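Thanks for coming, everyone. Let me walk you through one structure, and please look at it as I talk.

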Amino acid sequence: MFASRSGTIKRAIEQARENADPCTDPVLIEIDLVVVPAAGRKYGRLELEAVAGVPQRPQPADLLSPKLCKIWANMVKSLDDQVPYLKPEYPASQRLAIRADQGEEPDDILHHTKALMTLGEELEATKAVFSALDEAFVGMGDGLGEAVAEDPVQWLCISMTLRDSWIFKDAACHVVGKWHNLEHEVKMSIPEAARRVCQSHSDKLVQRCQDVEDYMMNIEFAPSDDPGPSDLLGLSPHMWVALTRFREWVYKNISEGNGFRGAEGGFILYRYLCEEEDDDNDEYDNQWAPYLDEDDCPKEDADEVNAGLLCLRELCVDKLEPLLESNVSDSSVRYLTCAEIDNEDVPWDDEDDDEDDDNDDDEDDE
């Protein structure tokens, strides 16, 4: 549509030049691209003006904003087989730019991607726009992964339209990690095929976390092969204290919402148990730890109990580490991103297979 309109105006310019009286009529000598308001169109409309000496129509201030100019510049680039620039004007401040004031359109990758997709549909130029977006994503590096992490739900929806498998898998992994905290309306905004994938992987993740938490709350020491006279069922008093303290501590944390049902999906608790000495791990202070000190009992006994607690913790680490593995490009998030979204989870691959099956059936019928 854009190309046909451009051709019509070009022919009109040539005809006007032929019919113009150079003494009285203005001569058409150049073409300007002008953004004008358009009813029902969020980003206005791009028109070609070619009358020299005639003032351009008044432009509303909001339609002349730098962000709008950038959107239409990207549109023109896309139609001209050039790569659009989707990042903020100052890439170093990208995360700051994403947090725009309430009601203000942000200058970020997501915003410019959505704008280009919208204009591509309005201009019936989705093929050119989607191809240009693919090229832009390839050269974006970590910036795209950071953008997906900022709003994975919207990127998941975008991936369904663009049929971009990388974005789908990255965004879906983020959404699965947040699934238990998403509102119903947000979940329902996701296309059904993608929603089924996320729900399925979320169910698997819940079961994995439940199994690990059950293991931690019911963990036991192996009885000694040669228990002493003061041991109970093969465990020394120190081991019994360690086992009791550890189980109580784990149960308390999970019941207070620090496990998978908590706001961060168990990420903090699981990481604390695996990386207790991490300087960044400041979510827990010493009073939460199940260890004994000299105020609880003599140092010799405390050392024995703490040694048992360390053994219990090590037993849990082997179970917890797989949950802390990350399958997303931006692993700085604070929720579980261990879901493995495979190629067979990509919904449009199934759709393509269904279409091939339908075609085969038609051929068989013939």
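Start with E122 and R41: they form a salt bridge, and their closest N and O atoms are 4.0 Å apart. This pair links distant parts of the chain, 81 residues apart. E122 sits in helix α4, residues 109-122. R41 sits in the loop between β1 (32-36) and β2 (45-49).

Some ground rules. This is a predicted model, where local features need pLDDT of at least 70, side-chain atom pairs count only at pLDDT 80 or more, and totals for chains, interfaces and linings use all residues. Residues are numbered from 1 along each chain as its sequence is written, and side-chain values use heavy atoms, with hydrogens and water left out.

Now the terms. A salt bridge here is a side-chain nitrogen of Lys or Arg within 4 Å of a carboxyl oxygen of Asp or Glu. Helices (H or I, at least four residues) and strands (E, at least two) are DSSP runs, numbered from the N terminus. Buried means under 20% relative accessible area, exposed means over 50%, and partly exposed is in between, with a 1.4 Å probe and protein chains only.

Back to the first pair. E122 has 22% relative accessibility, so it counts as partly exposed. R41 is partly exposed too, at 28%.

How many salt bridges does a search of the whole structure find? Seven. I will show two others.

Next, E220 and R247. Their salt bridge has its closest N and O atoms 3.6 Å apart. E220 lies in the loop between α10 (192-217) and α11 (237-255), and R247 lies in helix α11, so the pair ties together parts that are 27 residues apart in sequence. Is E220 buried or exposed? E220 counts as exposed, because its relative accessibility is 56%. R247, at 26%, counts as partly exposed.

Then K299 and D303. Here the closest N and O atoms of the salt bridge are 2.9 Å apart. Both residues lie in helix α13, four residues apart, about one turn of the helix. K299 is partly exposed, with a relative accessible area of 44%. D303 is partly exposed as well, at 39%.

N306 lies in α13, which covers residues 299-324. Why does N306 count as buried? Because its relative accessibility is 16%. What does N306 touch, leaving aside its neighbours within four places in sequence? N306 is in contact (heavy atoms within 4.5 Å) with Y291 and L292.

That is my tour. Questions are welcome.
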